[in-house]
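Here is a friendly walk through one protein chain, written for someone who likes to look at side chains. Please keep the viewer open as you read.

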Amino acid sequence: MVGKLPDQKKLIIVGMPHTSNWDFILAMACMQSVGLKVSYMMKREAFIWPLRGVFRYLGGVPIDRSSKNDVTAQIVHCFNTNENVWLGMTPEGTRSKVSQYRKGYIRIAKAANVPISLIGIDARSKEVVLHENTWQFTGTSDDEDNLAIKQFVDENFFGINPENQ
């Protein structure tokens with residue numbers, strides 16, 4: 001790991017590019033090696049015995065993805081009811097190649113009034129790159145900000161499976 005994270009009590013950490021099943025294992029190993037506790041969203045159906053305790057220990061936040069329960073509202077509630085929350089997200093929503101990121105991380109950040117920090121995998125140099133500065137929204141819309149973040153990632157980070165980036 002190179003760099004450092006911003007000094008914030010509440011933060012959305014956006015990890016990219018998400019191109020491999022190894023990304024989660026790499027992220028968990030990096031966090032555990034420095035004693036960092038970052039939460040992550042996971043469908044609540046995965047929180048079954050015997051994995052429930054493991055997922056919670058590793059920072060898992062069970063999410064009800066049914067249409068009547070707004071995911072953004074669930075995460076905003078998590079931020080509002082906890083003093084310290086760092087939430088890790090992958091904007092691709094999949095390990096496959098995507099032309100654009102999903103915008104949920106931006107909607108959550110704005111709704112919870114929480115800054116975004118970018119973390120990138122650079123498989124070429126075998127580094128996980130942390131950025132101390134939070135992302136400053138640059139566009140007039142979520143679409144513009146999302147495009148700017150994807151462009152930054154495509155220019156600066158290289159996934160484990162680059163064909164999926």
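The side chain of Ser117 comes to 3.1 Å from the backbone oxygen of His131. A polar contact here is a pair of N or O atoms within 3.5 Å; within protein, one must be able to donate a hydrogen and the other to accept it, and residues adjacent in sequence count only if both atoms are side-chain atoms. This is a predicted model, in which local features need pLDDT of at least 70 and side-chain atom pairs count only at pLDDT 80 or more, while totals for chains, interfaces and linings use all residues. Residues are numbered from 1 along each chain as its sequence is written, and side-chain values use heavy atoms, with hydrogens and water left out.

Ser117 belongs to strand β5. Helices (H or I, at least four residues) and strands (E, at least two) are DSSP runs, numbered from the N terminus. Is Ser117 buried or exposed? Ser117 is buried, because its relative accessible area is 0%; buried means under 20% relative accessible area, exposed over 50%, and partly exposed in between (1.4 Å probe, protein chains only). Not counting residues up to four places away in sequence, Ser117 touches Leu5, Pro6, Leu11, Ile12, Ile13, Val14 and His131. Contact means heavy atoms within 4.5 Å.

The average pLDDT of the chain is 86, and 97% of the residues score at least 70. pLDDT is the predictor's confidence in each residue, from 0 to 100. Among the elements of the chain, helix α4 has the highest mean pLDDT (93) and helix α1 (residues 22-33) the lowest (76).

Helix α4 spans residues 104-112, and its buried residues are Gly104, Tyr105, Ile106, Ile108, Ala109 and Ala112. What covers these buried residues includes β1 (10-16), β2 (39-43), α3 (71-80), β4 (85-89), β5 (116-122) and α5.

Let us take the two helix partners in turn. α3 and α4 pack at an angle of about 45 degrees, and their axes are 9 Å apart. Axes are lines fitted to C-alpha atoms, for helices over the stretch in contact, and angles run from 0 to 180 degrees between N-to-C directions. The two helices, α3 and α4, are therefore oblique to each other; angles under 35 degrees count as roughly parallel, over 145 as roughly antiparallel, 65 to 115 as roughly perpendicular and the rest as oblique. On the α3 side Thr72, Ile75, Val76 and Phe79 meet Arg107, Ile108, Ala111 and Ala112 of α4.

The other partner is α5. The axes of α4 and α5 come within 10 Å and cross at roughly 120 degrees, which means that α4 is oblique to α5. Tyr105, Ile106, Arg107 and Lys110 of α4 make the contact with Asp142, Asp145, Asn146 and Ile149 of α5.

## Asn146 up close

Asn146 sits in helix α5 (residues 142-156). Asn146 counts as buried because its relative accessibility is 5%. Which backbone oxygen lies 2.6 Å from a polar atom of the Asn146 side chain? That oxygen belongs to Tyr101. Leaving aside its neighbours within four places in sequence, Asn146 is in contact with Tyr101, Arg102, Lys103, Tyr105 and Ile106.

## Backbone details in the loops

Asn113 follows α4 and lies in the loop between α4 and β5. Asn113 counts as exposed because its relative accessibility is 72%. Lys126 lies in the loop between β5 and β6, and is exposed with a relative accessible area of 74%.

Arg124 and Ile160 are 36 residues apart in sequence, with their C-alpha atoms 8.3 Å apart in space.

Finally, look at the cis peptide bonds. The bond from Met16 to Pro17 is cis, with omega near -15 degrees, and Pro17 is placed in the loop between β1 and α1. The bond from Trp49 to Pro50 is also cis, with omega near 10 degrees; Pro50 lies in the loop between β2 and α2.
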